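Hi everyone, thanks for coming. Let's take a few minutes to look at the inside of a protein together.

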Amino acid sequence: MKKHQWLLGTAALSLIVGGSFASGAPAYAAGQPPAVYRTDAGIGASSTASAAALSVTDFGAVANDGKDDHSAFAAAAKAAKQQNKALHVPAGTFHLSKILTIDSIRMEGAGKAATVLVSTDPQKGSIDLKGSGVSLRNLKHVYETTVPRGNGAHEKNSITVRGAGNFVIDNVSVNKSSTAGIMVAYGSNNGIISNNTVANTGADGIHITTESHHITVENNTVTAAGDDGIAVVSYKTSPVPVRAVTIRDNEVGGLSKARGISVVGGENVTIENNSVKNTMMAGIYIATEGSYNTMNVDGVKVVKNTVNHTGIKEPEKHPNVLVYAGQGTISNIEFSENTITNGAHRGIGVWGGGVVRNVKFERNTLMNTNGAKTTFKNGNIELVDNVGF
Ligand SMILES: [Ca+2]
């Protein structure tokens, strides 16, 4: 707690000195502690429309009339890029009949309850982010209707980051999508996904894949995801894995249909200080999967998370925390100072027919009353000062 308070004070001071919020510049660096956003929503929200911003209403968008605004939004986004200006979306409800692409611009609403973008085509409603320095803030994106997940096409995600660099998705509410809530793909890098609310998706809540790297996912709330809550996934069809991802201070659960937080192929991933509860499969899942032909996992730190009552679904009966080598190799996994409680069917498991190397559990607290506390069937497992194992 002392450390937490010290970090908070330091961050707040540096922000006041830097004064970067008023400029609309990215509000923080990836290495900064996230606590400041929780304590001062006004600072986190930032970004009032400035003289340097264009408004979608100047390009013909009309709020609350039930009519399509896509062409106005597209024209405004194009102009904002050409003029190097931010794009403001005022309060109200706007309708989008197609995919909206924002390229290298900052698009900002008036708040994630105040500005609502409604996609009317369930097959083609993604807000796509591309280019460099692109950001999406302070609005809500919903689909009027959804269709089955089916082929999993990105066109029916809520938000899709397509190879963008230095991107930000902050204070956005995502509600309903046929596939993922926030999809980060195609080598997207140096991105921050923060303070968002993601609910009722057809696939994963937040999904990071296809060579993306240096991504921070912090202080988001993910509930009722149709698949995993927050997932890092690398397929063997990629030349390199997803890497350097930090997932911290998120709340994940609300009867999400699969795992809470998962790494299924990837390198150098930190999962820290998250709360995961009430997911159908394992709360935290580190795996290689033969059926999905995923890459190896190397270097995952799982630190100071709470995992409560996960693995609800039968017959799988996942433990609260599961390391599963379905193929290939899982190496260098560290679980430290986590609190793992009330597993629906069991506590912690490490198993699978692949290779598991170097899994360490240190100073974790396990409180398990249903089924086996620990099931270690594979790997070189080091246990240090854990409680309840
Ligand atoms: Ca309209």
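Let's begin with a term: a nonpolar core is a set of buried Ala, Val, Leu, Ile, Met, Phe, Trp, Tyr and Cys residues joined through C-beta atoms within 7 Å. A residue counts as buried if 20 or more other C-beta atoms lie within 10 Å of its own, as exposed if 12 or fewer do, and as partly exposed in between, with C-beta atoms placed from the backbone.

Please keep in mind that this is a predicted model, where local features need pLDDT of at least 70, side-chain atom pairs count only at pLDDT 80 or more, and totals for chains, interfaces and linings use all residues. Residues are numbered from 1 along each chain as its sequence is written.

Now, which residues touch the most other members of the largest nonpolar core? Among its 88 residues, they are Leu87, Ile102, Ile159, Ile182, Ile284, Ile286 and Val323. Strand S26, residues 321-325, gives the most to this core, with five residues. Strands here are DSSP runs (E, at least two residues), numbered from the N terminus.

Why is S26 largely enclosed by the rest of the structure? Because five of its five residues are buried. Val321, Val323 and Ala325 point one way, while Leu322 and Tyr324 point the other way. In general, side chains in a regular strand alternate between the two faces of the sheet.

S26 also has partners, and strands pair if DSSP finds at least two bridges between them. Strand S23 (residues 284-288) runs parallel to S26, joined by five bridges, and Tyr285 stands opposite Leu322. Strand S29 (residues 348-351) also pairs with S26 in the parallel sense, over four bridges, with Val350 as the bridge partner of Val323.
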